[in-house]
Amino acid sequence: MNSKSVILTSMLVQMKQTFSRNMFKFTLFIGPILHTIILGEMYRNSEQDSFIAYAVLGAGLLNLWTCIAFSSAGDINRERYSNTLSIIFSTPADFRLILLGKILGNTVLALGSFLLTVIFATVFYRNPIFVNNWPLLIAAFLLTVLAFIIISIFVAYLLTLSRKTEIYMNCLDIPFALICGFVFPIDNLPQFIRFISYLFPPTWAVRLLRMAVVETSYGFWENFIPLIITMVVFSILTAWLYRIIFKQTKILGTLEMA
Amino acid sequence: MIRRFCSQAWLNAKVNQGGLDLTEFLAYRVGISITTLIFYCLIANHATGQIDLTRWVVGNAFALCIYECIFGLGICFNSDRYYGRLRSIIVSPTSKLTVIMYYGVYSIFIAFLTIVVSFATGGLIFGIPFNDLNLGMLMLAISIAVFTCVGFGFLFAVLALITDSIYLLLNAIGLLIIIFSGANFPVSQLPAFAQWIAHIFPLFRSVQAANMSFGGEFSSLFGQLLIGEAILGLVFYVMSFILIKIIERIAIKRATLEIF
């Protein structure tokens, strides 16, 4: 089986399995609507720019993050409980490709939740969504998704050896949205937390995305360059992490112990 | 009887915390709560431009008890089913009300602690005027809010016996409580039918009452809100008990409680 087939098969199986889980239906359909209501009502009396940039985009990003990262990390746990984690780890097909396929499958489904957020916000709040720069929006959105995928792979590897995946997943959800400024600008955070924010690619990707929708005080390159640098750094870290985990898994032999 | 109840409640508490060391306990129980409170308060600060965030600190500290009362308690029977203990509970002569109650002891304790710690920490971070606080009123509001939320959690714990979508249900209910509690925005902003629904959700009245504990004194409105919240809680407990009696009977007759 070549790499492309492994990714594609893993992606399709993942999408079928995920869609059959009721909890993911919440993440895809109910969560986006309820998050949009919470953020929409909180930003209801603010200017239209803020409403679009933080309520609509923020709700979309929250759901995108939950779907991609939260579900991908959870999939490791599900594989462990189904006794299939050690099988997909030791199968001739590369574990990295299988995991990438899973995350891509979640990403495709997550795009639906993002779209639902935008449609619901437009219809429910009767607020026309305008875009400042369409080409930038498309490019920034693709980069945001890529940034989320890179972080998701990193987190999924990190949690491969852990027996408490569920706990750590919950610890990552809101704190990451806070640090990366999904629903308010990171300028509102204290200086020392902002330094942490700068380390994560989604922080820069989200700023680019916001630039495409509303007028902002920062420029394209001052966000694009740090985004690329942080993505490269995280990719290298992920590759290094995989080597450690691969070695540890063989030494410990406890991958399927829950 | 009381001794057995206490030992079961203690055992349940140990089961809940068994897998966590101190660092994980602090990260999972305290860290998530405080981060969530900070998250919503910062959104409020940015969205409204308000510097005084007292209302949001109070509201979100209360809303945080849903993690224990709804998510924690809501899956207790589901976990029993998963670990094969449910059949023992159903066939044992012990009153199911007692079983429900010993599950609740731990949740009441943790939910109360969550609200107090989150409120104190959030208050220090966002500089809320503690000198204006009527501590007695706040503690009363917290106690009744926890009582009602635990009752609401019981109801879903029992419902978990007849549905395979409990996680979907609990997550949706968790977000609905945040919406209807008025913790982050006034419920009056919502359509009329949604405002009516808010009255049958926990925290709607207790959050209003808790906000009155700043610079306020015991008043008839404060009393009415808390009595209303307590009655609602009582209704949840009675509904849970009736529902578990019905499900228990069905379970014994059909013997399919562990099968979906």
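A crossing of two helices is right-handed if the near helix is turned clockwise from the far one by less than a right angle. In this predicted model, H4(B) passes H7(B) in such a right-handed crossing.

**Helix pair in chain B**
- Helix H4 of chain B spans residues 66-74 and helix H7 of chain B spans residues 96-126; their axes come within 8 Å and cross at roughly 155°.
- Angles over 145 degrees count as roughly antiparallel, and H4(B) and H7(B) are therefore roughly antiparallel to each other.
- On the H4(B) side the contact is made by B:Tyr67, B:Glu68, B:Cys69, B:Gly72 and B:Leu73, which meet residues of H7(B) including B:Tyr103, B:Ser107 and B:Thr114.
- Sorted by class, this contact has six nonpolar, four polar and one charged residues.

**Contact between the chains**
- Chain B has 29 residues in contact with 25 residues of chain A.
- On the side of chain B that touches chain A, helix H2 (22-48) and helix H9 (166-181) each supply at least two residues, and H2(B) gives the most, with 15 residues.
- The residues on that side of chain B are 17 nonpolar, 10 polar and two charged.

**Residues with positive phi**
- Most residues other than glycine have a negative phi.
- A:Asn83 has a phi near 65° and is in the loop between helix H3 (48-81) and helix H4 (85-90) of chain A.
- A:Asn83 is exposed, with 10 other C-beta atoms within 10 Å.
- B:Leu203 has a phi near 80° and lies in the loop between helix H10 (192-198) and helix H11 (204-211) of chain B.
- B:Leu203 counts as buried because 27 C-beta neighbours are inside 10 Å.

Definitions and conventions:
Residues numbered from 1 in each chain as written. Chains lettered and ligands numbered in written order. Predicted model: local features only at pLDDT ≥ 70, side-chain atom pairs only at ≥ 80, totals over all residues. Axes fitted to C-alpha atoms, helices over the stretch in contact; angles between N-to-C directions. Helix = DSSP H or I, 4+ residues; strand = E, 2+ residues; numbered from the N terminus. Parallel < 35°, antiparallel > 145°, perpendicular 65-115°, else oblique. Contact = placed C-beta atoms within 7 Å. Nonpolar A, V, L, I, M, F, W, Y, C, P; charged D, E, K, R; others polar. Buried ≥ 20, exposed ≤ 12 C-beta atoms within 10 Å, placed from the backbone.
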